[in-house]
Each structure stands twice: as structure tokens, then as C-alpha cells.
Amino acid sequence: MTTKLLIAYYSSTGTGTQMVTWAKEAAEANGAEVRLRKVHELAPDVAIDSNPAWRKNVEASADIPEVTSDDLLWADAYIFSSPSRFGVMASQLKQFFDLQGGLWAQGKLANKFVTAFSSAQNPNGGQEQVIQGIYTVMQHWGAIIVPAGYVNPSTFAAGGNPYGTSASIDGEGNMLKADEVKAAIQDQTKRLVDVASKYLS
């Protein structure tokens with residue numbers, strides 16, 4: 001049985017977009033059917049236009065559909081990704097979660113498999129807390145969390161976050177250790193697909 005995977009994310013300046021693109025490639029290479037979706041942008045144009053990288057990412061990801069509740073119902077497994085915003089997930093992703101009360105109340109979000117990614121401007125910028133915050137929501141949903149763990153050497157090479165792959169960004173907006181982060185994302189995604197596939201079969 002093919003695992004149906006929803007990858008839903010928020011990214012302002014493009015790091016998250018790159019991370020989920022790697023995840024999509026890995027999931028499809030491991031036999032999953034994937035929907036890549038972004039969450040609705042809440043920031044006004046004046047804020048987006050204040051940062052050229054933000055505007056560039058908005059334009060580059062214009063063809064990626066926005067995530068809906070129907071996508072959550074369709075999927076067997078989820079990957080969620082958010083940058084750190086003062087140590088918590090971006091409000092754009094949190095709003096999407098907050099709108100799912102109806103599905104939650106009907107028990108339709110339970111028993112889905114989930115893992116998460118994050119990013120920040122420095123290694124201690126809240127990535128772990130963001131992922132744990134996502135997992136807190138998932139526990140309320142009754143989802144089955146599949147963390148990165150310490151099961152692949154790539155986790156150590158990318159910074160050693162067992163909760164989920166996290167990226168750090170330099171002052172110019174460049175992802176540090178990008179090759180290592182890519183490998184960790186691919187391994188984490190494969191782990192999620194493998195676990196979900198075993199359950200579904």
C-alpha cells in the first residue's frame with residue numbers, strides 16, 4: 001500500500017522551502033505519494049517587501065498550493081516544517097493548526113504519523129522548541145510521532161537534533177552545513193515513510 005504523505009510548511013526567506021523540497025524528493029524516491037503544500041501567508045506586503053529574500057521566496061513558491069483540511073484527511077503521514085519565531089513555530093503554521101478543531105473533534109486527525117523540521121539563524125535559536133511545539137499539537141491530535149532519533153549518522157553530522165532535522169542560517173541567509181542537513185532530512189523522511197508503510201501494510 002502506498003503511503004500518502006502531506007508535507008506542509010511555512011518559510012519566509014526560503015530555507016524551509018529548500019528543506020521540504022529535499023523531503024519531497026526523498027519521500028517519492030521511497031515510494032510515497034506526496035502533496036507539498038505551504039500554509040497561508042499572514043504577513044502584509046510591506047513586511048515581505050522589506051526583505052528581498054522574503055519577496056524572492058514568495059515569488060519562487062507561488063506555484064505551491066496552500067494546504068487545506070482536505071489534505072490532512074487525505075494523508076496517512078505528515079511532515080511539518082517551520083522556522084523559529086522567538087522560540088516558537090511561526091504564527092502562519094499555528095493558525096493552520098488552530099483551524100482544525102472540527103476535524104480534531106471528530107477524531108479524524110488521530111493515528112497519523114508525523115515528523116517535523118525547523119530552522120533559525122543560529123544553532124540555539126529555538127529549533128528544538130519549535131519541533132517540540134509542533135509535536136505538542138500532534139499529541140493533542142492523537143498522531144504518532146516519528147522523531148529523527150539517533151538512528152542515522154546523518155543526524156549527528158547535521159547538528160545532532162534527535163527531535164527533527166534543524167538548520168542554521170548565517171547572516172547572509174545561507175544555510176550552514178547544507179549537504180549534511182539535506183542528508184539528515186532525507187534519512188528522517190525515509191524513516192517516517194518506512195514506519196508508516198509498515199503500519200499500513
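The expected span of a helix is taken here as 1.5 Å times one less than its number of residues, and helices (H or I, at least four residues) and strands (E, at least two) are DSSP runs numbered from the N terminus. The model is a predicted one, in which local features need pLDDT of at least 70 and side-chain atom pairs count only at pLDDT 80 or more, whereas totals for chains, interfaces and linings use all residues. Residues are numbered from 1 along each chain as its sequence is written, and side-chain values use heavy atoms, with hydrogens and water left out.

Helix α7 has 15 residues and reaches 22 Å from its first C-alpha to its last, close to the 21 Å expected at 1.5 Å a residue. Its buried residues (under 20% relative accessible area, with exposed meaning over 50% and partly exposed in between; 1.4 Å probe, protein chains only) are Gln127, Val130, Ile131, Ile134, Tyr135, Val137, Met138 and Trp141. Seen down the axis of α7, these residues fall within an arc of 155° (taken from the directions from the helix axis to the C-beta atoms), so they line one face of the helix. An α-helix has 3.6 residues a turn, so residues three or four places apart point the same way. The face of α7 turned away from the buried side carries the exposed residues Gln129, Gln139 and His140, and just after the helix glycine 142 takes a positive phi of about 85°.

Serine 166 is found in strand β7 (residues 166-168) and is buried, with a relative accessible area of 16%. Leaving aside neighbours within four places in sequence, serine 166 is in contact (heavy atoms within 4.5 Å) with Ser118, Gln127, Ala158, Asn161 and Val181; Gln127 is one of the buried residues of α7.
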